[in-house]
Structure formats: structure tokens, C-alpha cells
Amino acid sequence: MIYIQLFTSFFKIGLFGFGGGYAMLSLIRDEVVDKHQWVNSAEFTDIVAISQMTPGPIAINSATYIGYTATGGVLGSVVATVAVSLPPIIIMLLVCKFFFKFRNNNKYIDYVFSGLKPAVTGLIAAAAILLVNSDTFIDYKSITLFIAAFIAGYKFKADPILLIVLAGVAGFILY
Amino acid sequence: MRIYFQLFYSFFKIGAFTIGGGYAMIPLIEREVVDRKKWIDKDEFAEMLAMAQAAPGPIAINTAVFVGYKLYRWKGSIFSTLGAILPSFVIILLIAMFFSNIIRTNEVIERIFKGIRPVVVALIAIPAFNMLVKAGLKFKPLAITIVAVLLICLLKVSPVWVIIAAGLVGLFGGIYEDKHSKK
């Protein structure tokens, strides 16, 4: 049953989605590209590009998009979006309930996060590395665009949306 | 009912105007809930951010739940979260419905996306690189990062296991160091 698969996949993504947006990409990719093949690697890259240009978190965007394309209907979007939102909602509600107890920093929680933090860096790096393939890098022009965007974003803190728009214009002219 | 609608509306605005998501949303959320509505103060906002980042899931949802809960308990959370999610849901649904099949077949759009794809990789690589530089050359965190990358990319281990393992390594590593520093 595809709706149950969609629900469990996106529930898992919501439950283990530590580190926000980019870190969740590794999780999303693992579920939707590798495990269930709802989209291929190139489509996944396009979804990431679209979610950069549209409002809202990547997790929600990809759930809505893949929910629709995997089932061909709005219900799929609703199921996937609800599934990815439920775990953070439940967890945050519990955290809020115990907010004042949690306030005094618990050292064991700190320890857990001392391990999670560098892992999140790894998750983001893995998401980038796994996107390096023949769909994203087709020739030397792609490599040039990658290097230019990396320098503009890293050194000059260029706005991601602006970079995507410029990349689209460059693609239109170059290809 | 009006107060619930206000919560919904504020987070609807936040959801509708924060392109890119994640950290880009933080200044907008602060302006709306701290400066304009005064639902929470600056200190609470900082504490809320720490929690929203520590908990799994998108920061936008986590902060919506927090602010909604603070004002009107779980009922408030429902309205604020719905507001935060709805704009991106509607926009992406429209794109998926009308755009997903022309991306691959329309020649012009395909050209545009040929330019965009490598830049998306750069956009993801930048925060990873930033975090790596910020963490510095300390052995334990660097080792965890490298092992995580290798497990996911080469051995195709599910990121879920990587997260669970990293949390356990942090926990038991900390307890172990505690014991040894006391002796």
C-alpha cells in the first residue's frame, strides 16, 4: 500500500531529521531515491532546487512534491506532509510541556548532542557528495558553475535564491 | 476564535515569505513574534531557538509549535503549525501538479535546470564546509563527521542508524571522560 509506505517513510524522516533542512536531505534521499525509487537522483536534485526557490522548509516541500508524484493525487501529498510534520509536532509539544524542567541543562543531553552535531555535518556533506553524478555534472560548464557558486556563496555569502536564478540564466544561455 | 486566527495568520505569513526555509526564517520569525506581536520576549526566543534546533524536524514547525503552545497550549500549536505549513504545501502542490511533467520534456526548462543542478550541489556543500571549518581540527568531532560520510556514501548505511550511533557515541564518550577526569 503506497500510502502506508509514504506515511512511514516521511514519519521516519520527520522523527530523525536532526539538524534541519540540509541535514534532512540525506534522510530524504535514502528513503525516496534509494529505498522506494519514487523519484530518481536527477528529479531529487530538481526538487531541492525548487524548494530553494519556494517558501517553506525542504522537508515539507519534498513531502508534498513526492507525495503527489508517487501517487498521482493530492491525497498522497497530504499523507506525506502530515507524516513528516507529526514527529516534530509531538516532540516539540512534549518538550514545551517540560520546558521548565529541561531548562537547567542536563549534561547527558549535552553529551548526546556532542555526538549528533558532527554527524549532522557529515549528513549534509553526504547529501552534497551523493548529488555529484552524471545528472548534475554533465560537462566542464557544470563544474565551472559549481566552483563559481561555491566561491560566491562561501566567500561572499551570496543569497541562495539569487544564485539559483543566475544559474538558471546561465544554463539557458550556455546549453 | 480571533486569537487563534491571529496565530494562524502570523505563521501563515512566516510560511509564505521565507523562501529557502531553515535559517533564513529566523529573523522573520523574530520580527513577527517578538517585535510585532510581543508573544514572547527576546530571552525566550533564544531559548526557543536552541530547542527548535535540538529537536528533530524543520525549525519553522518547531518554533510554530512552541509559540502556539506558550499562548494557548496545544490548541494554539495546531493553529500556528497549520499556518506555517499551508503556504508551502499549496505552492508545491501546484508545482507538482502542473510543472513536474514539463520539467523533463520542455527544452527551455531543461536547459535552465542544467545550469541550476550543479549550483544546488554547491548550495548544500557550503553549509557542510562552513560547519566543518567552524568545528576546527578536533579529533573526535572530525572523526564522527568523516565516519558518517563514509557510512552513508560508501556503505549506503541509512542516515537513521548514523544519527542513533552518533548520539550513543557522544553519550558514552562523555560518561567515559567524566569517570576518567574524576580519578
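Tutor: On a 1 Å grid over the protein atoms alone, a pocket is an open set of points with protein on both sides within 12 Å along at least five of seven lines, and its lining residues have an atom within 4 Å of a point. Its volume is the space filled by probe spheres set on the points, which are joined across faces, edges and corners. The model is predicted: local features need pLDDT of at least 70 and side-chain atom pairs count only at pLDDT 80 or more, while totals for chains, interfaces and linings use all residues. Residues are numbered from 1 along each chain as its sequence is written, chains are lettered from A and ligands numbered from 1 in the order in which they are written, and side-chain values use heavy atoms, without hydrogens and water.

Student: How much space lies in the second largest pocket, and which residues are closest to its centre?

Tutor: The second largest pocket holds about 300 Å³ of space. It is lined by 14 residues, and closest to the centre are Val82(A), Ser85(A), Ile89(A), Leu82(B) and Ile85(B). Two helices, H5 of chain A and H4 (59-98) of chain B, each give two or more residues to this lining.

Student: What makes a run of residues a helix here?

Tutor: A helix is a DSSP run of H or I with at least four residues, a strand is a run of E with at least two, and both are numbered from the N terminus. By that rule chain A comes to nine helices and zero strands. The C-alpha atoms of chain A fill a box of roughly 55 × 45 × 25 Å along the principal axes.

Student: What makes the largest cavity a cavity, and which residues line it?

Tutor: A cavity is a set of points where a 1.4 Å probe fits but cannot get out. The structure holds one cavity of 30 Å³ or more, and the largest has a volume of about 70 Å³. Its lining is made of Ser26(A), Arg29(A), Asp30(A), Asp34(A), Leu130(A), Ile152(B), Lys156(B), Val157(B) and Pro159(B). H2(A) gives the most to that lining, with four residues.

Student: How do you know which lining residues are nonpolar, polar or charged?

Tutor: Ala, Val, Leu, Ile, Met, Phe, Trp, Tyr, Cys and Pro count as nonpolar, Asp, Glu, Lys and Arg as charged, and the others, Gly among them, as polar. The cavity lining therefore divides into four nonpolar, one polar and four charged residues. The lining of the second largest pocket has 10 nonpolar, four polar and no charged residues.

Student: Why is the pair Arg117(B) and Asp46(A) called a salt bridge?

Tutor: The term asks for a side-chain nitrogen of Lys or Arg within 4 Å of a carboxyl oxygen of Asp or Glu. In Arg117(B) and Asp46(A) the closest N and O atoms are 2.7 Å apart, so the pair qualifies. Between chain A and chain B the count is two salt bridges, and over all chains it comes to 11.

Student: What makes Lys35(A) and Glu31(A) a salt bridge?

Tutor: Their closest N and O atoms are 3.2 Å apart, so this pair also meets the rule. Both residues lie in helix H2 of chain A, four residues apart, about one turn of the helix.

Student: How do you know that chain A is in contact with chain B, and how much area is buried?

Tutor: Contact means heavy atoms within 4.5 Å, and 96 residues of chain A are in contact with 85 residues of chain B. Buried area is the accessible area (1.4 Å probe) that two parts lose on being put together, summed over both. Here the area is about 7,900 Å², with carbon and sulfur atoms giving 80%. Pro55(A), Met92(A) and Tyr111(A) lose the most on the side of chain A, together 8% of what that side buries.
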